[in-house]
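Biologist: Walk me through this model, please. Start with the words I will need.

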Amino acid sequence: GTLETAFDAGRMGFNPGSLVADLENSWSFENFAIPGRDLHLTSSGDLSIQGGMDASRIDGSFGFSIPELGQLPQQQIDLAAEVREKNARLERFQVDTGFGRIVGDGSINWQEFLSWNLALTLSDLDPGHFVTEIPGSIQGVLSSSGQINAGALETELQIDQMDGQIRGFPLTGSGNLVYRENSIAANNIVIRAGDNRLGLDAVWGSNIDLSWNLLASDLSQLYPGLDGVLEMNGTAAGQSDNPEIRAQISARSVRYLDISAESLQASISSSGRNTGQTLDLSVSNLGRGEQQLDIQLNMLGELNQHEFALRVFSETPAEDMSVRIAGAATFDEQGWRSDLNELALDSGFGDQWTLETAENPPRLSVARSQATISPLCLRNGPASICATEASFDAGGINLGVNLNRVQLEMLNEFLPQDVRISGGLSGDLELSGPMGELLGNVELQAPEIVMTITQLQET
């Protein structure tokens, strides 16, 4: 293209203010390294500039993609703008995203500082492009305004209208977002999807003031395989790195695929760092098919150092068993570790096993790829069951158990009424190897076993 300017005799040089351009540019490049990021840019397009410093026109159409962002398809942008005296008027701005379209217009001004006022229209945005399980189509009208003055950013995004459908169920949304003085505010955000509603009000900066409520009356509308009713509400306030938090969670008849729970109740409370948090969780009839368990969990302390008590039990006509574990625990980058001060097992056969008191409590450790427990013994009168070693990881399990005088009366539950067994069982059990290919070694002694068979006669 061409650039023209006039000679300024007073300056003894060219006058930049008289510069007139008529330029056309085309480009195409691949895998351009974005500075400071492990990303690469591929782009091609055309851009033309016509006019002078006081008035000009920009027209262009170009596309770009970032291969490392595999789910983000190529973005195609088409724009046209009239520029007059430090003000640009967008006549045409369209982005074809590959999962919908965004069309905008508005103005950008840089007289004293950069400011803008834009309107955006969303058409047929499909969240299913990113999460295939939740296809849909979203339409909306948004307005954005803001400025950058002396390096300080202020901007507001208003959801004027949002509707459409998610998984065939109607979707609506409203509210606005404001960013000012390193703080973001979400005001009256309300999103409805079918029979489900999320409400949010928040201010997040050096201090936070947050409240939310969720009523999911039909989880099956949100994600395939889900079902049931979920309610959540809570608040968070105070310093952003040390807020006070209160939250309540309640669920009824919830299910994911073949795992279900009749009810779930949870209460979370935190008064800030070094003042402790509490978690109370109760789940009833959790399980798969006829295998149902109830769970109760209580935790007091901080995430990195706390005390806990966990009880898992089942009370059905076929069985009545429970396990209770309690201890002091720590959590850090190496994983979760607990010194157990209580471990009790009720097998459901009338016998109760409790943790043998030791100078050094047994330690349970759970890391990202392995779980281990140090040697421990459970006792029931003269009988004992001791784990000499136990570890579980991706490669399989390694388990050693010693039995001493375990009473066999517990087996009478499964025997015919005219058959009874008594006596003690001792021995060792070793189990190791990957899941599905376990190797075991069993050595048992039963010198005191007595079996009694009573012959029943009709009279």
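This is a predicted model: local features need pLDDT of at least 70, side-chain atom pairs count only at pLDDT 80 or more; totals for chains, interfaces and linings use all residues.

Biologist: Good. Where is Ala-150?

Modeller: Ala-150 sits in the loop between strand E9 (136-149) and strand E10 (152-166).

Biologist: Is Ala-150 buried or exposed?

Modeller: Exposed, because its relative accessible area is 81%. The cut-offs: buried is under 20% relative accessible area, exposed is over 50%, and partly exposed is in between, with a 1.4 Å probe and protein chains only.

Biologist: What is the phi of Ala-150?

Modeller: Positive, about 55°, although Ala-150 is not a glycine. Most residues other than glycine have a negative phi.

Biologist: What about Asn-188, what is its phi?

Modeller: Phi of Asn-188 is near 55°, again a positive value in a residue other than glycine. Asn-188 belongs to strand E12 (residues 183-193). With a relative accessible area of 54%, Asn-188 is exposed.

Biologist: Another Asn, then. Which strand holds Asn-31?

Modeller: Strand E2 (residues 13-33). Asn-31 counts as partly exposed because its relative accessibility is 47%.

Biologist: And which residues does Asn-31 touch?

Modeller: Leaving out residues up to four places away in sequence, Asn-31 touches His-40, Leu-41, Thr-42 and Pro-67. Contact here means heavy atoms within 4.5 Å. Ser-43 is twelve residues from Asn-31 along the chain, and their C-alpha atoms are separated by 8.6 Å.

Biologist: New topic. How many salt bridges are there?

Modeller: The structure has 14. A salt bridge is a side-chain nitrogen of Lys or Arg within 4 Å of a carboxyl oxygen of Asp or Glu.

Biologist: Give me one. What N to O distance do Asp-59 and Arg-92 have?

Modeller: The side chains of Asp-59 and Arg-92 meet at 3.5 Å, N to O. This pair links distant parts of the chain, 33 residues apart: Asp-59 is in strand E4 (residues 55-65) and Arg-92 in strand E6 (residues 87-96). Asp-59 is partly exposed at 21%, and Arg-92 is partly exposed at 31%.

Biologist: Which residues are linked with them in a network?

Modeller: A network of salt bridges links Arg-57, Asp-59, Asp-78, Glu-82, Glu-91 and Arg-92.

Biologist: Now Glu-342 and Arg-324. What joins their side chains?

Modeller: A salt bridge, 2.8 Å from N to O. Glu-342 lies in strand E22 and Arg-324 in strand E21, so the pair ties together parts that are 18 residues apart in sequence. Both ends are partly exposed: Glu-342 at 28% and Arg-324 at 33%.

Biologist: What does Asp-339 pair with?

Modeller: Asp-339 forms a salt bridge with Arg-363, and their closest N and O atoms are 3.0 Å apart. Here too distant parts of the chain are linked, 24 residues apart, with Asp-339 in strand E22 and Arg-363 in strand E24 (residues 363-366). Asp-339 is partly exposed at 30%, as is Arg-363 at 38%.

Biologist: How many disulfides?

Modeller: One. The rule is a pair of cysteine sulfur atoms within 2.5 Å. Cys-377 and Cys-386 make the bond, with sulfur atoms 2.0 Å apart. Cys-377 and Cys-386 are both buried.

Biologist: Why is that disulfide called right-handed?

Modeller: The torsion about the S-S bond of Cys-377 and Cys-386 is about 110°, so the disulfide is right-handed.

Biologist: Last topic. What volume does the largest pocket have?

Modeller: About 430 Å³. Of its 18 lining residues, the closest to the centre are Leu-343, Ile-373, Leu-376, Ala-387 and Leu-399. On a 1 Å grid over the protein atoms alone, a pocket is an open set of points with protein on both sides within 12 Å along at least five of seven lines, whereas a cavity is a set where a 1.4 Å probe fits but cannot get out; lining residues have an atom within 4 Å of a point. Points are joined across faces, edges and corners, and the volume is the space filled by probe spheres set on them.

Biologist: Which strand gives the largest share of that lining?

Modeller: E27, with five residues. The strands that each supply at least two include E21 (320-332), E22 (335-346) and E28 (396-407).

Biologist: How do the lining residues divide by type?

Modeller: Into 17 nonpolar, one polar and no charged. Nonpolar covers Ala, Val, Leu, Ile, Met, Phe, Trp, Tyr, Cys and Pro; charged covers Asp, Glu, Lys and Arg; the others, Gly among them, are polar.

Notes. Residues are numbered from 1 along each chain as its sequence is written. Side-chain values use heavy atoms; hydrogens and water are left out. Helices (H or I, at least four residues) and strands (E, at least two) are DSSP runs, numbered from the N terminus.
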